[in-house]
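Thanks, everyone. Please have a look at the model first.

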Amino acid sequence: MYECQGQSLSCAISSDGINKVITTTAYVLTPIVAIIGFQSWKNQFNSKTISEIAKDCSKLLNETNSSYFSLMSSLQTSKINEGNVSYLKDLKNLVEICENNRLLTIINIEKLSKLTKNSELCVALDKWSEKCSASANEILNLAQNKHDINKRILVTISFGKHLITYKNLDEMITDYILV
């Protein structure tokens with residue numbers, strides 16, 4: 001501080017006054033800097049956490065979709081004979097694997113949706129999940145019943161719809177992945 005004592009032109013700077021200014025400034029600025037630093041760290045940490053969860057979700061989604069693709073491929077490449085018990089058993093096991101993967105994927109994507117507060121992610125997840133189940137059920141029905149080319153075409157169309165919902169969901173998830 002300045003100690004002028006009525007003589008404005010001959011003011012002298014006191015070291016005690018300078019110490020008071022520096023101390024007061026430090027007391028005020030230190031908590032502000034700490035709060036800003038914490039907020040910055042918190043935002044960075046949250047972004048990194050969301051990115052890691054999104055990577056896991058994307059990986060699970062791709063694995064799940066691959067299992068459904070394998071299911072569809074096994075149907076398209078096989079010569080299904082009505083009543084072929086061994087084939088139907090293998091097909092049911094594959095459907096069960098697909099469904100377990102689907103449920104695990106749902107749990108992880110719902111977690112991502114809550115963290116990001118993105119309700120559109122849940123809507124896309126519901127559509128994808130619905131198409132997965134529909135595809136699996138239609139494939140099983142086609143394999144268990146006498147089937148014709150029209151039913152195969154319907155299953156293929158259904159699987160195409162499944163792939164469209166998969167692509168939409170995958171794009172939404174990859175938006176959260178940091179490079």
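Start with Trp-41: its relative accessibility is 48%, so it counts as partly exposed. The cut-offs: buried is under 20% relative accessible area, exposed is over 50%, and partly exposed is in between, with a 1.4 Å probe and protein chains only.

A word on the source. This is a predicted model, where local features need pLDDT of at least 70, side-chain atom pairs count only at pLDDT 80 or more, and totals for chains, interfaces and linings use all residues. Residues are numbered from 1 along each chain as its sequence is written, and side-chain values use heavy atoms, leaving out hydrogens and water.

Now the rings. Rings of Phe, Tyr and Trp (its six-membered ring) pair if their centres lie within 6.5 Å; planes under 30 degrees apart are stacked, over 60 edge-to-face, the rest tilted. That rule gives three aromatic pairs. Phe-38 and Trp-41 have ring centres 5.8 Å apart and planes at 35°, so this pair is tilted. Ring pairs join Phe-38, Trp-41 and Phe-45 in a cluster.

Phe-38, at 46% relative accessibility, is partly exposed. Next, Phe-69 and Phe-159: centres 6.1 Å apart, planes at 40°, so tilted. This pair links distant parts of the chain, 90 residues apart, with Phe-69 in helix α1 and Phe-159 in helix α4. Helices are DSSP runs (H or I, at least four residues), numbered from the N terminus. Phe-159 is buried at 5% relative accessible area.

Last, Asp-170, also found in helix α4. Beyond its neighbours within four places in sequence, Asp-170 contacts Ser-58, Leu-61 and Asn-62 (heavy atoms within 4.5 Å).

Notes: Helices (H or I, at least four residues) and strands (E, at least two) are DSSP runs, numbered from the N terminus.
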